Amino acid sequence: MNAYTPPTQDQLLAIRVNAGIEEIAQNEKFAHAEPDLVEAIVEGVGQFAAGEFAPLNRVGDLEGARLENGVVRLPDGFKEAYDAYVEQGWNSIASSIDFGGQGLPFTLSCNVLENLGAANMAFNLLPMLSVGAIEALEHHGSRDQKAKYLPDLVSGKWSGTMNLTEPAAGSDVGALRSTAEPITQGPHAGKYKIKGQKIYITWGDHELAENIVHLVLARLPNAPEGSRGISLFVVPKYHVNDDGSLGPRNDLRPVSLEHKLGINASPTCVMSYGDNDDCIGEMVGAENRGLMAMFTMMNNARINVGNQGVQIGERATQQAMAYAMERVQSARAGSPDKTPVAIIEHPDVRRMIVRMKALTEGARALLYYCAGQVDLGTVGNKDAANRAEILVPLLKAWGTDVGVEICGIGIQIHGGMGFVEETGAAQHWRDSRIAPIYEGTNGIQAADLVTRKLGLEGGEAMISLFDDIARDAANEGALAALADECAGIARWMRNEASLDDRLAGSVPFCTMAAVAVSGWQLMKQAQAVAGGAAPALAETKPVTVRFFLDRVVPEALGLKAGAVGGADLLYSLPAEKLAG
């Protein structure tokens, strides 16, 4: 497996052009995000990720996490790398200054995770889940809960998790059965006894952090059925004393670790709460409002999972380019010189390499545009907040889909050596494949786009996005046409289509919309580079943008038939006939 080289210049370009970091820094809340600091953070975390996280990627895949006598163990080196991550302050970038954070824009937190995840996607899930837990507690925790849990979560001394899924409650979270019984007497009066089992809990247990703060969804007695009856609880691995020190272990444990296709160094736990009827938790927010509170964490996680598509795409692209430069095979077709050449000289390999690069850069442009809109929304820009809401499903769904595609192309470039484990190319594909599934499958993201997100401002929030693209892309015929088609489909879905028709066309529509936004943001990058920005990219950026606009955008135009085809054909056979 090749080493990781941080794409610092492309990241800085996306942060400046797509996120609009200078506009973000004009607000008092983010005024200290000055150009020199931004550059130092991007360069610094890139070097840290390459030096500390990347060397553990292969050993993490081969050895994985393991459960021994009730304790989750990681390969040698993980503890030291995590300690260095905490010591250098990377976990605290975007958290509130009130709790020891640096108060910098979310955009820069995304860059920290991008570099860490490209270096080691499985390891990066540990800080990624903690970031979500911090945000949930910042928004919904009580004053006492914030004081008790946030300082050590922000520093990274403690880590956080999200506990939704149960054996009978996957995408339908409302079907969960974990319970929370009020405690009325004794030292824990006012708290709750938590009981139940959760599955697929990422980094649900480990020894890298001193404590683990679990955010757990459960039901109170006599709570309404479905999602209306879910409450959220904070359940620490170790009880926290009034002075902040750690007390005895809570009644929770990892029952087993899942054996997975990829991300083997990320312990995916089956967690059991209350085996001895003594698991204590505190309610976060109001009764029966837990899903709303948890959604704060889920929304953050969906952006960061979309980021994973960028991360794994970047790593697979670097690996494939290095191999294509070194692997010598056959003479160039049509060349009078019959000397074998590196495979990167062959037209189809060159096509694949450029496609990998263009898709990765397009997803990165979408990531930072989304992050920038989140930051602007944080400081009170309602239009930006609405736009971020629309961009989240595009980023999560399309970003992770192209991550899988890029990794698949990387295996193809390696040929037979990609299909065996020796080169590490297969690991990138295996790691990538979870991202379209967790934090809401990509089908759920597309459904969200054509239901809740389409309804923002009566549909005008979404349509205005496509109108902005069409206006700016007046000289880019295919991109302008794609934006116009997206606006037309949005109007049809809003005004004419049944719910079944919208859902049947949601995935192709989501892809069309994501490609339109990514092409728009890449176009802005190319214009900035032509104007003198990022001289290091002056030769490469025009080529990758041109490929995206001339080849990827027209492909997306071809998805219209699926977006407006409706549901009738899908249901023209009964399930038994379709399956039989």
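Q: Which strand is Tyr200 found in?
A: Tyr200 is in strand E5, residues 192-202. Strands (E, at least two residues) and helices (H or I, at least four) are DSSP runs, numbered from the N terminus. This is a predicted model, where local features need pLDDT of at least 70, side-chain atom pairs count only at pLDDT 80 or more, and totals for chains, interfaces and linings use all residues. Residues are numbered from 1 along each chain as its sequence is written, and side-chain values use heavy atoms, leaving out hydrogens and water.

Q: Is Tyr200 buried or exposed?
A: Tyr200 is exposed, at 52% relative accessible area. Exposed means over 50%, buried under 20%, partly exposed in between (1.4 Å probe, protein chains only).

Q: What about its phi?
A: The phi of Tyr200 is positive, about 60°, although Tyr200 is not a glycine.

Q: Switching to the core. Which residues touch the most other members of the largest nonpolar core?
A: Phe123, Leu215, Phe466 and Phe509, out of 179 residues. Such a core is a set of buried Ala, Val, Leu, Ile, Met, Phe, Trp, Tyr and Cys residues joined through side-chain atoms within 4.5 Å.

Q: Which helix gives this core its largest share?
A: Helix H10, residues 347-378, with 16 residues.

Q: Why call H10 largely enclosed?
A: Because 24 of its 32 residues are buried.

Q: And what comes just after H10?
A: Gly380, with a positive phi of about 105°.
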